[in-house]
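This briefing goes through one predicted protein model, topic by topic, for a reader who wants the criteria stated together with the values. Please keep the sequence and the coordinates open while reading.

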Amino acid sequence: MSNTPNNAIPYAAEGTLDPAASLNQALDTIDALLQIEVLGIQNDPPSSPSDGDRYIVAAGSNEWASQNGQLTRYVADPGYWQFFPAKVALNQADGLLYINGSSGWQVANRPATLPQITGDTSTDLAGVVGQMLGALDGVYWDSRVT
């Protein structure tokens, strides 16, 4: 069975006697990777995870050994961790957006302060959008040089 090229979502296997099994596996992967919000970035699994809890694995140990940089999600029934490659995640622990780039997981770069938007937003949409774009100048998502 092969996977989708971007998110490694398993394709439903052709000619299987139980197509629901491969479809459910694909849906499970989509559920894990859609609108990623993690509870934190840590090395070890929590002692009492709940179904669907997601984390970014820093320097994995114990059940997370050899899974550095992966996004992990707990499946309560029957009780195991799934691991996925992921590119973007919002960390609930610190409220910051993280990007997985060439240097691993890093906080998305952002200006220290954003300028105040001025003007009448109901009539001067072009001016407001221009100010917003100017405020975002210099924001980048990865430290790679292209």
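Strand β2 (residues 41–42) and strand β3 run parallel and are joined by 2 bridges, where strands count as paired if DSSP finds at least two bridges between them. Helices (H or I, at least four residues) and strands (E, at least two) are DSSP runs, numbered from the N terminus. The model is predicted, so that local features need pLDDT of at least 70 and side-chain atom pairs count only at pLDDT 80 or more, while totals for chains, interfaces and linings use all residues. Residues are numbered from 1 along each chain as its sequence is written, and side-chain values use heavy atoms, with hydrogens and water left out.

**The chain as a whole**

- The protein chain holds 2 helices and 8 strands, and along the sequence these follow the pattern α-β-β-β-β-β-β-β-β-α.
- Of the 146 residues in the protein chain, 27% are buried, where buried means under 20% relative accessible area, exposed means over 50%, and partly exposed lies in between (1.4 Å probe, protein chains only).
- The accessible surface of the protein chain comes to about 9500 Å², of which carbon and sulfur atoms account for 52%; accessible areas come from the Shrake-Rupley method with a 1.4 Å probe, and for residues only the protein chains shown count as cover.
- Among contacts in the protein chain between residues at least 6 apart in sequence, 30% join residues at least 24 apart, a contact being heavy atoms within 4.5 Å.

**The sheet that contains β2 to β5**

- Strands β2, β3, β4 and β5 make up an open sheet of 4 strands in the order β2-β3-β4-β5, with mixed pairing.
- At the edges of this sheet are β2 and β5 (80–84), each of which pairs on one side only.
- Strand β3 runs antiparallel to strand β4 (residues 71–75), and 3 bridges join them, with Arg54 standing opposite Arg73 in β4.
- Strands β4 and β5 are also antiparallel and are joined by 5 bridges, and the bridge partner of Leu71 in β5 is Phe84.
- In a regular strand the side chains alternate between the two faces of the sheet.
- In strand β3 (residues 54–57), Arg54 and Ile56 point one way while Tyr55 and Val57 point the other way, and all are buried.

- Thr72 has its place in strand β4, and it counts as buried because its relative accessibility is 0%.
- A polar atom of the Thr72 side chain lies 2.9 Å from the backbone oxygen of Gln82.
- Leaving aside neighbours within four places in sequence, Thr72 is in contact with Asp53, Arg54, Tyr55, Val57, Trp64, Trp81, Gln82 and Phe83.
- Trp64 is found in the loop between β3 and β4, and it counts as buried because its relative accessibility is 0%.
- With the same exclusion of neighbours within four places in sequence, the contacts of Trp64 include Gln42, Pro45, Pro46, Tyr55, Thr72 and Trp81.
- Although Trp64 and Gln42 are 22 residues apart in sequence, their C-alpha atoms are 9.9 Å apart in space.

**The sheet that contains β1 and β6 to β8**

- Another open sheet of 4 strands has the order β1-β6-β7-β8, again with mixed pairing.
- Strands β1 (37–38) and β8 (104–107) stand at its edges with a single partner strand each, so one side of each is left without a neighbour in the sheet.
- Strand β6 (residues 88–91) pairs with β7 in the antiparallel sense over 4 bridges, and the bridge partner of Val88 in β7 is Ile99.
- A hairpin is formed by β6 and β7 with 4 residues between them, and Gly95 in the turn has a positive phi of about 70 degrees.
- Strand β7 (residues 96–101) pairs with β8 in the antiparallel sense over 4 bridges, Gly101 stands opposite Gly104 in β8, and the two strands form a hairpin with 2 residues between them.

**Helix α1**

- Leu27 is found in helix α1 (residues 19–33), and it counts as partly exposed because its relative accessible area is 46%.

Note on methods:
Polar contact = N/O pair within 3.5 Å; in protein donor to acceptor, adjacent residues only side chain to side chain.
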